[in-house]
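Let's walk through this structure together, starting with the whole chain and then turning to a few individual residues. Keep the sequence and the 3D view open as you read.

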Amino acid sequence: MIFGRSERGKPPVEPVTLKILVAGGFGVGKTTLVAAVSEIRPLRTEEVLTEAGRPVDDVSGVEDKRTTTVAMDFGRITLREDLVLYLFGTPGQERFWFMWDELSEGALGAVVLADTRRLEDSFAAIDYFERRDIPFLVGVNCFEAAARYPAGDVRRALDLDDGVPLLLCDARERESVKEVLVGVVQHAMKYAADRRRRAVTT
Ligand SMILES: Nc1nc2c(ncn2[C@@H]2O[C@H](COP(=O)(O)OP(=O)(O)OP(=O)(O)O)[C@@H](O)[C@H]2O)c(=O)[nH]1
Ligand SMILES: [Mg+2]
């Protein structure tokens, strides 16, 4: 391969790496989102949903769902040559929530995915990040079977603070997911800058 002068002379860029969590209720599309954008084969920890688990594992709306995350999803995406995100998908089922504290260690921010058919399933994730002062945005995963609501209505139903961004997305679409990830990085950067400013003035 022949390199032009500029490529040859360029020092290699050491990218900044950031950790982003992908959270939300059971079956909202967290594993799907990580797989849609990851440039490495995503690490998954899926276990088959069994008949015995039916009463606990409410698959209404995602009846085709056969597996669930029991520990975490992991993926990586290069947003820019100098910015790499490590994505950690959390397990959605309540019985695996003890994993969240470990997964959120050192996270810059989080995406809370929500399904408008089961918004209440994402309340716990929102509470979790609010309580720990971890910046997050809400991504409404638009399943075809779900009714579309104006963003304002979803915000009110989730009782979101004005500063929390809400985006509509499709967890299966790379470009859509990238927008969400750019959104969470921008929001988390702004949040950190505001926090520093508040610390200086108080
Ligand atoms: N139609 C549609 N189906 C989706 C979308 N996102 C995910 N799915 C499907 O919904 C189901 C749930 O997706 P997962 O990605 O496993 O959900 P999860 O949030 O990781 O689930 P848990 O780890 O069990 O909490 C799967 O059958 C996906 O194929 C979407 O945007 N549209
Ligand atoms: Mg999952």
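This is a predicted model: local features need pLDDT of at least 70, side-chain atom pairs count only at pLDDT 80 or more; totals for chains, interfaces and linings use all residues.

**A tour of the chain**

Residues are numbered from 1 along each chain as its sequence is written, chains are lettered from A and ligands numbered from 1 in the order in which they are written, and side-chain values use heavy atoms, with hydrogens and water left out.

The chain holds 6 helices and 8 strands, taken as DSSP runs numbered from the N terminus (helices: H or I, at least four residues; strands: E, at least two). Along the sequence, their order is α-β-α-β-β-β-β-α-β-α-β-α-β-α. The radius of gyration is 18 Å, close to the 17 Å that the globule rule gives for 202 residues, so the chain is as compact as a globular protein of that length. That radius is taken over C-alpha atoms, and the rule is 2.2 Å times the number of residues to the power 0.38. Of the contacts (heavy atoms within 4.5 Å) with a separation of 6 or more, 73% are between residues 24 or more positions apart.

Now find the magnesium ion, ligand 2. Its protein donors are T31 (OG1) and T69 (OG1), lying 2.0 Å from it. Donors here are N, O and S atoms within 2.8 Å of the metal (3.2 Å for Na, K and Ca); water is not among the atoms, so sites may look incomplete. The pair links distant parts of the chain, with T31 in helix α2 (residues 30-37) and T69 in strand β3 (residues 67-69), 38 residues apart. Both T31 and T69 are buried.

Leaving aside residues up to four places away in sequence, V34 touches V22, P42, D73, F74, G75, L87 and G89.

Finally, look at two backbone angles. Most residues other than glycine have a negative phi. D133, in the loop between α4 (123-131) and β7 (136-141), has a positive phi of about 55 degrees. D159, in the loop between α5 (151-158) and β8 (166-169), also has a positive phi, near 55 degrees. D133 is partly exposed, at 34% relative accessible area, while D159 counts as exposed at 62%.

Technical notes: Buried means under 20% relative accessible area, exposed over 50%, partly exposed in between (1.4 Å probe, protein chains only).
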